Amino acid sequence: MRPRLRLIATVLAVTTAAACSGGGSSPGAHASATTVVGAANATASTISAASGTNRVDPAGTPDPNGVLRFGVDFAGEFTPNSFDPAGSLNSCDKIDEGLIYDTLTRLGPSGQLEPGLAQSWNFTPGGTSLTIHLRPNVTFSDGTPLDADAVKASILHIKSSPLRTSLSVIKDINVVDHLTLQLNLSRPTPADLLYDWNDVDGMVIAPTAIATAATDPVGSGPYILVSTTNNEIVLRKNPTYWDASAYQPAEIDFVSVAAGPPSIAALKAGSIDMTAFDPETLPVVKRDPTLGYNIRPSHEYLTIEFRLDTPPVDNR
């Protein structure tokens, strides 16, 4: 049997729009933010009682071989049979694709724009030209260097999607050097583009895998796709990821489970370790001593975090 995760510091370092909560809330509905629930409370004994496996040792030491099983309603949240950002049909694809592909920018806990693969940027006073400077010494999981040519090819590929409307402002892209790109824009909206790049719009695909990204994705993100079926997606930690220390689970398995009561039942049975649910379910979770939760609104997104060695906190 595979070892289970002993300690989860930051479970998914991607932000999930509220629309991915299973209830179909609009992204702007802050009061309807997604809630994250974890199996059991703070002690090893209650975790063992809930899941049959001790995932926390007395010192709270991370298990380098730990496996996190995350329950997701595949039918309602993932684009079927595709890991290509250009083929993504909804923002919920960021849940799994955001672990395979790194993004050009990120959003911090309070919604502030932060560097991602784009380490810095500047734009002309009129705002019609944006220059980005890429993070050096980054490679895709297949060993291909992540350079300006690769980023240009990826942006143009994702721009081909009629759903990635933020990218339509890009008129052309010039490669200045191997880590610098200049984008000429049809409208003076560079800040909007930078913010949109924290999502599916800003994911970067390896040039060797653009044609096969739907079934064989290759990115520079913290995890690598190992296998996928209609019921499970298995991701394994990318040992060459530039920020690998920020990601503790050695493996994340997305397990298909229907939203609502079935996901809570699967959590209590120990077949999954975490899941997301609508705020309406929170009173039920609060009444169950075997369940823990954490809610942390962040801008119009919610950062999914959970520690098995600390009590559940509702810090809305």
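This is a chat about a predicted model of one protein chain.

Me: Ok, how many helices and strands are in the chain?
Reply: The chain has seven helices and 17 strands.

Me: And what share of the residues is buried?
Reply: Of the 316 residues in the chain, 52% are buried.

Me: What about contacts with a separation of 6 or more, what part of them comes from residues 24 or more positions apart?
Reply: That part is 64% of those contacts in the chain.

Me: Which residues of α4 are buried?
Reply: They are Ala148, Ala150, Val151, Ser154, Ile155, His157 and Ile158.

Me: And what do those buried residues pack against?
Reply: Three strands: β7 (129-134), β8 (170-177) and β9 (180-185).

Me: What comes in the loop between β7 and α4?
Reply: Asparagine 137 is found there, and serine 141 has its place in that loop too.

Me: Start with asparagine 137. What is its phi like?
Reply: Phi of asparagine 137 is near 60°, which is a positive value in a residue other than glycine.

Me: Is asparagine 137 buried or exposed?
Reply: Asparagine 137 counts as exposed, because its relative accessibility is 78% and the cut-off for exposed is over 50%.

Me: Now serine 141, what is it in contact with?
Reply: If you leave aside neighbours within four places in sequence, serine 141 is in contact with Val218, Gly219, Ile224 and Asn238. Serine 141 is partly exposed, with a relative accessible area of 27%.

Me: How far is serine 141 from isoleucine 100?
Reply: In sequence, serine 141 and isoleucine 100 are 41 residues apart. In space they are 9.1 Å apart, going C-alpha to C-alpha.

Me: Switching topic: what's the volume of the second largest pocket?
Reply: The second largest pocket has a volume of about 260 Å³.

Me: Which residues lie nearest its centre?
Reply: Those are Phe74, Thr79, Pro80, Asn81 and Thr229, out of 16 residues that line the second largest pocket.

Me: How many of the lining residues are nonpolar, polar or charged?
Reply: The lining of the second largest pocket has seven nonpolar, seven polar and two charged residues.

Me: Last one: where is alanine 259?
Reply: Alanine 259 has its place in the loop between β12 (251-256) and α6 (261-269). Alanine 259 is partly exposed, at a relative accessible area of 37%.

Me: And how far apart are alanine 259 and glycine 76?
Reply: Alanine 259 and glycine 76 are 183 residues apart in sequence, and 8.5 Å apart in space, C-alpha to C-alpha.

Terms used: Residues are numbered from 1 along each chain as its sequence is written. This is a predicted model: local features need pLDDT of at least 70, side-chain atom pairs count only at pLDDT 80 or more; totals for chains, interfaces and linings use all residues. Side-chain values use heavy atoms; hydrogens and water are left out. Helices (H or I, at least four residues) and strands (E, at least two) are DSSP runs, numbered from the N terminus. Buried means under 20% relative accessible area, exposed over 50%, partly exposed in between (1.4 Å probe, protein chains only). Contact means heavy atoms within 4.5 Å. On a 1 Å grid over the protein atoms alone, a cavity is a set of points where a 1.4 Å probe fits but cannot get out, and a pocket is an open set with protein on both sides within 12 Å along at least five of seven lines; lining residues have an atom within 4 Å of a point. Grid points are joined across faces, edges and corners, and a volume is the space filled by probe spheres set on the points. Ala, Val, Leu, Ile, Met, Phe, Trp, Tyr, Cys and Pro count as nonpolar, Asp, Glu, Lys and Arg as charged, and the others, Gly among them, as polar.
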